[in-house]
Amino acid sequence: MTTVGDVSRPSRVAGPDEAISAEELQLAARNHGIPLEALRYDVTPAGLHYLLIHYDIPDVDPATHALTVSGAVRRPLRLDLAALRALPRVTHRVTLECAGNGRALLHPRPVSQPWLVEAVGNAEWTGTPLAPLLREAGLADDAVDVVFTGADHGVERGVEQDYQRALPVADALREEVLLAYEMNGAPLLPQHGAPVRLIVPGWYGMAHVKWLRDIRVTTEPFDGYQNAVAYRLRHDADDPGVPVTRIEPRALVRPPGFPDFMSRTRVLRPGPCTVDGRAWSGHAPVTSVEVTVDGGQTWTPADLDAPCGGEWAWRRWSVRWTATPGRYVLGARATDASGRTQPVEQPWNRGGFANNLVQRVEVVVPAE
């Protein structure tokens with residue numbers, strides 16, 4: 001007898017020189033990264049913001065959708081969108097990055113959504129803080145986790161499930177965590193979680209549950225698939241791993257010049273130019289960015305613009321460079337106030353998570 005699990009296979013690592021599969025290309029067509037030239041914008045337009053949809057975009061009617069707060073609380077709540085909008089309203093500018101960003105650049109390559117470096121965006125999210133609602137509901141004294149359930153449903157590695165993620169109570173009570181219903185001043189788009197989603201500043205994207213329908217407080221650690229199986233840093237299939245949580249520091253170069261259509265190799269005219277990009281971290285503010293034009297042999301300190309939009313938003317950096325004829329490999333690495341910095345050797349793990357290896361941008365400067 002055929003079961004749901006028969007259509008879903010275990011995770012695996014690609015074999016030596018194994019090409020990207022048709023299944024991975026299908027995922028890459030559904031999901032998309034930011035075009036790197038869009039790093040020019042302080043706030044990423046909604047259509048250019050990276051997008052990852054685990055299952056289907058659910059059919060949710062904003063007029064009838066309601067969010068429930070249940071579980072280990074003294075006063076369960078049920079709020080429709082009008083009730084949420086009537087609560088205190090705040091806006092945070094937040095950089096979101098997919099935990100799998102950089103996966104396709106690892107060797108050997110974990111088989112999954114084949115991200116290069118573009119799974120990021122920086123948007124303004126408007127909604128109401130989560131913490132006051134949890135306090136209104138009255139958390140039980142022995143509450144441990146807060147579980148967030150989305151309206152999207154599917155099967156993953158043989159497990160049929162609603163998409164669910166949990167935060168420890170202390171993290172759920174952070175004042176900056178939002179129940180967001182607007183993005184960049186407009187109602188959420190369907191693909192970005194309409195009518196309401198969770199925003200957890202500083203954490204990778206898997207924590208920002210979209211199409212949010214239920215918040216459940218538990219007195220035991222949540223052992224659902226997305227917490228206990230997926231999104232863990234492990235070195236082999238038997239390794240229980242450690243959870244993926246906060247965003248590791250990263251800087252991206254806005255590629256200079258103009259591209260070759262297929263290879264994306266850049267062509268840049270000789271002469272003085274500004275090389276710039278964005279840097280961010282979920283652990284602490286970015287304090288410095290260094291830039292290389294020779295593939296990491298030498299590094300030059302970049303200038304950092306003033307913070308633009310608060311502690312959870314990316315920061316622009318720039319450096320002046322006089323390009324002379326030749327071939328170059330540009331890159332940038334960020335360091336944050338916690339002392340974390342980007343590696344120049346790949347931080348490999350079986351799921352391909354949190355790979356903040358320094359980006360490589362190939363540039364050709366032709367002779368005039």
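Predicted model: local features only at pLDDT ≥ 70, side-chain atom pairs only at ≥ 80, totals over all residues.
Histidine 92 is partly exposed, with a relative accessible area of 21%. The cut-off for buried is under 20%, so at 21% histidine 92 does not count as buried. The residue belongs to strand 3, which covers residues 90-97. Leaving aside residues up to four places away in sequence, histidine 92 touches Ala123, Glu124, Trp125, Glu176 and Leu178. For a sense of distance, take leucine 330: it is 238 residues from histidine 92 in sequence, and the two C-alpha atoms are 32 Å apart.

The largest pocket has a volume of about 1300 Å³. Its lining comprises 41 residues, and the closest to the centre are Leu27, Val111, Ser112, Glu156 and Arg157. Which element gives the most to this lining? Helix 1 does, with five residues. That helix spans 22-30, and strand 5, at 145-156, also supplies at least two lining residues. By class, the lining of the largest pocket has 17 nonpolar, twelve polar and twelve charged residues.

As background, most residues other than glycine have a negative phi, and most peptide bonds are trans. Arginine 157 sits in the loop between strand 5 and strand 6, the latter being 159-168. With a relative accessibility of 34%, arginine 157 is partly exposed.

The second largest pocket holds about 890 Å³ of space. It is lined by 29 residues, and those nearest its centre are Leu36, Leu116, Val117, Glu118 and Arg264. The lining of this second pocket divides into 14 nonpolar, eight polar and seven charged residues. Arginine 264 also has a positive phi, near 65 degrees, and is not a glycine. The loop that holds arginine 264 runs between strand 14 (258-259) and strand 15 (266-267). Arginine 264 is partly exposed, at 45% relative accessible area.

The largest cavity has a volume of about 250 Å³. Around it are 21 lining residues, with Leu52, Arg197, Gly205, His208 and Lys210 nearest the centre. Twelve of the lining residues of this cavity are nonpolar, six are polar and three are charged.

On to the peptide bonds. Histidine 107 and proline 108 are joined by a cis bond, with omega about -5 degrees. Proline 108 is in the loop between strand 3 and strand 4, where strand 4 is 120-129. The bond from alanine 194 to proline 195 is also cis, with omega near 10 degrees. Proline 195 lies in the loop between strand 8 (186-187) and strand 9 (197-199).

Last, the aromatic rings. Searching the whole structure gives four aromatic pairs. One of them joins tryptophan 321 and tyrosine 328, with 5.0 Å between centres and 80 degrees between planes. Why is that pair called edge-to-face? Because planes over 60 degrees apart count as edge-to-face, and this pair is at 80 degrees. Tryptophan 321 is buried at 12% relative accessible area, and tyrosine 328 is buried at 17%. Elsewhere, the charged end of arginine 333 sits over the ring of tryptophan 299, 4.0 Å from the ring centre.

Notes
Residues numbered from 1 in each chain as written. Heavy atoms only, no water. Phe/Tyr/Trp six-rings, centres within 6.5 Å; stacked < 30°, edge-to-face > 60°. Buried < 20%, exposed > 50% of the residue type's maximum accessible area, 1.4 Å probe, protein only. Lys NZ or Arg CZ within 6 Å of the ring centre and 35° of its normal. 1 Å grid on protein atoms, 1.4 Å probe; cavity = no way out; pocket = protein on both sides within 12 Å on 5 of 7 lines; lining within 4 Å. Points joined across faces, edges and corners; volume = space filled by probe spheres on them. Helix = DSSP H or I, 4+ residues; strand = E, 2+ residues; numbered from the N terminus. Nonpolar A, V, L, I, M, F, W, Y, C, P; charged D, E, K, R; others polar. Contact = heavy atoms within 4.5 Å.
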